[in-house]
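Let's take a quick walk through a protein model together. Have a look at the sequence and the 3D view first, then read on.

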Amino acid sequence: MSRIGRLPIKLPEGVKAKIEGRKIVIQGRLGTLEMEIPEQIDIQMEDGFINVVRKGEDRRTRALHGLIRSLINNMVIGVSQGFEKKLEISGIGYRAEVKGNMLILNLGYSHPINYILPEGIKAMVEKGTIITIQGIDKELVGLTAAKIRSFRKPDPYKAKGIIYAGEKIIRKVGKTGAK
């Protein structure tokens, strides 16, 4: 049995879960998330806990067991606490600002990059160089952060670009003059 899949998911205070056919709906103070459950997996609710049970023992079903449990757990955490990723911009003249649901990035190109944030995602900019991406869907928060980072990946020679907070860039040594 999957070590992750067999763990029960505790519903925190203020979070409600409903099973509607093959769909599970999680509601919390930050919003609502829903997900389709594959045919090989069953969901059982009892005493404020959600248990994920598999119907068979084939390889695909065993793989889905832990995955579905983790996805449901991320939904519960998302609607109760939310997720966030921090990005740091480094480089002279590089900066960002938020206007409504648009993130405007000046990254050394001849034009600013206007990125429209997906629905359900909020962005905040501190000091012009630290971007915080927040939302209840962990996958969407990660995809949005990765998309923003892709506009100017960090350069290993000068360490300019957009990096995740806490990420270490391995610096390369440039060419040396001929002697």
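Asp47 is exposed, with a relative accessible area of 76%; exposed means over 50%, buried under 20%, and partly exposed in between (1.4 Å probe, protein chains only). Before going further, note that this is a predicted model, where local features need pLDDT of at least 70, side-chain atom pairs count only at pLDDT 80 or more, and totals for chains, interfaces and linings use all residues. Residues are numbered from 1 along each chain as its sequence is written, and side-chain values use heavy atoms, with hydrogens and water left out.

**Loop residues with a positive phi**

- You'll find Asp47 in the loop between strand E5 (41-46) and strand E6 (49-54); strands (E, at least two residues) and helices (H or I, at least four) are DSSP runs, numbered from the N terminus.
- Most residues other than glycine have a negative phi.
- Asp47 isn't a glycine, yet its phi is positive, at about 55 degrees.
- Lys127 is another residue other than glycine with a positive phi, near 55 degrees.
- Lys127 sits in the loop between E11 and E12, and it is exposed, with a relative accessible area of 76%.

- Strand E11 (residues 121-126) and strand E12 (residues 130-135) pair in the antiparallel sense over six bridges; to count as paired, two strands need at least two bridges found by DSSP.
- Three residues lie between the strands of this hairpin.

**Thr61 in helix H1**

- Helix H1 covers residues 59-80, and Thr61 is part of it.
- Thr61 is buried, with a relative accessible area of 1%.
- Its side chain makes a polar contact with the side chain of Asp58 (2.7 Å). A polar contact is a pair of N or O atoms within 3.5 Å; within protein, one must be able to donate a hydrogen and the other to accept it, and residues adjacent in sequence count only if both atoms are side-chain atoms.
- Setting aside neighbours within four places in sequence, Thr61 is in contact with Gln40, Ile41, Arg54, Lys55 and Gly56; contact means heavy atoms within 4.5 Å.

**Arg149 in helix H2**

- Arg149 belongs to helix H2 (residues 138-150).
- Arg149 counts as buried too, at 17% relative accessibility.
- The side chains of Arg149 and Glu167 make a polar contact (2.8 Å).
- Not counting residues up to four places away in sequence, Arg149 touches Pro154, Ile162, Ile163, Tyr164 and Glu167.
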